[in-house]
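Visitor: I would like to go through this model term by term. Please give the value behind each label.

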Amino acid sequence: MHIALLVIVVAGVAGGRLQILAAGSSHRVPKATFAVAAIVAAMFAAQYAIPGLLPLLAREPSMWHSVQLWRAFSALFVQDSGPAGALFNLATLVILGSVAEKRLGSATWLTVYFGGGMITEFLALAWQPYGAGNSIACFALAGGLTLYAIKRDMSSAQLCICVVSLGAAAALLLVRDIHGLAYGTGIACAFAERRLHERRPVPFSVS
């Protein structure tokens, strides 16, 4: 399933770039991406300096019963997959996250990243009750990019990328991989945020 994960990341970056070119939003500075990436990197260094930090902040089954719901947030900043996994997650955040923020804007980026990531943390308790890492938040961003790519006048290249990305996410769901869940929650959060934005009243102005 590592191939499916890589496919979604590559598709997200490629599809996001096409959206950015079409929308003309390439000049945005991905401030939220860089800020979150800096915190994630600092927390990874801290968890090696403080051995008890990972189990203290990670997702675990008792987070419901012991009312430690904050673990759904804290688990997005520590890593359970060692240096190699942490490097992959950080690189995915910087590369995919930058593209996503330039396309979606900082507010939507934060909504999808943390909203999708935290919802997935709770859903993951049924499949993988112990864990930590920001990869699920990154895959939520990939889902959000896919939602924003789907429209009537989308190009054939964008359509192909969406189909490939959705297929890889479906494959992950079939094998009960939580990254497939994250992709879906990202789509849901992006959809909810877009509908909320569409329903906001237009300020009345007198010319």
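This is a predicted model: local features need pLDDT of at least 70, side-chain atom pairs count only at pLDDT 80 or more; totals for chains, interfaces and linings use all residues.

Guide: Start with α2 and α6, which pack at an angle of about 35°, with axes 9 Å apart. Their crossing is right-handed.

Visitor: Which residues in α2 and α6 meet?

Guide: From α2 come A32, T33 and V36. From α6 come W109, L110, Y113 and F114. By class, this contact of α2 with α6 has 6 nonpolar residues, 1 polar and no charged.

Visitor: What makes α2 and α5 roughly antiparallel?

Guide: Helix α2 covers residues 31-49, and its angle to α5 is about 170°. Angles over 145 degrees count as roughly antiparallel, so α2 and α5 get that label. Their axes lie 8 Å apart.

Visitor: Which residues make that contact of α2 and α5?

Guide: On the α2 side: K31, A32, T33, F34, V36, A37, V40, A41, F44 and Y48. On the α5 side: G82, P83, A86, L90, L93, V94, G97, S98 and E101. The classes are 13 nonpolar, 4 polar and 2 charged.

Visitor: Why is α5 called roughly parallel to α7?

Guide: Take the angle between α5 (residues 82-104) and α7 (residues 135-149): about 30°, with the axes 9 Å apart. The cut-off for roughly parallel is under 35 degrees, so the term applies to α5 and α7. The crossing of α5 and α7 is left-handed.

Visitor: Which residues of α5 and α7 meet?

Guide: N89, T92, L93, L96, G97, A100, R103 and L104 belong to α5. S135, C138, L141, A142, G144, L145 and Y148 belong to α7. The contact of α5 with α7 divides into 9 nonpolar, 5 polar and 1 charged residues.

Visitor: How do you know that α7 is mostly covered?

Guide: Of its 15 residues, 15 are buried. Buried means under 20% relative accessible area. As for span, α7 reaches 21 Å from first C-alpha to last, close to the 21 Å expected at 1.5 Å a residue.

Visitor: Why does T108 count as buried?

Guide: The relative accessibility of T108 is 6%. The limit is under 20%, so T108 counts as buried. T108 sits in helix α6, residues 106-123. Apart from residues up to four places away in sequence, T108 touches Y148 and E193.

Visitor: What makes W64 partly exposed?

Guide: W64 has 48% relative accessibility. W64 lies in the loop between α3 (53-57) and α4 (71-74). Beyond neighbours within four places in sequence, W64 is in contact with L69, F122 and L125. W64 and L125 are 61 residues apart in sequence, but 9.7 Å apart from C-alpha to C-alpha.

Visitor: Why is G24 called exposed?

Guide: G24 has a relative accessible area of 56%. Exposed means over 50%, so G24 qualifies. G24 lies in the loop between α1 (2-23) and α2. G24 and R103 are 79 residues apart in sequence and 8.9 Å apart in space, C-alpha to C-alpha.

Visitor: What is the phi of R176?

Guide: Near 60°, a positive value in a residue other than glycine. Most residues other than glycine have a negative phi. R176 lies in the loop between α8 (156-174) and α9 (178-199).

Conventions:
Residues are numbered from 1 along each chain as its sequence is written. Side-chain values use heavy atoms; hydrogens and water are left out. Axes are lines fitted to C-alpha atoms, for helices over the stretch in contact, and angles run from 0 to 180 degrees between N-to-C directions. Helices (H or I, at least four residues) and strands (E, at least two) are DSSP runs, numbered from the N terminus. Angles under 35 degrees count as roughly parallel, over 145 as roughly antiparallel, 65 to 115 as roughly perpendicular and the rest as oblique. A crossing is left-handed if the near helix is turned anticlockwise from the far one by less than a right angle, and right-handed if clockwise. Contact means heavy atoms within 4.5 Å. Ala, Val, Leu, Ile, Met, Phe, Trp, Tyr, Cys and Pro count as nonpolar, Asp, Glu, Lys and Arg as charged, and the others, Gly among them, as polar. The expected span of a helix is 1.5 Å times one less than its number of residues. Buried means under 20% relative accessible area, exposed over 50%, partly exposed in between (1.4 Å probe, protein chains only).
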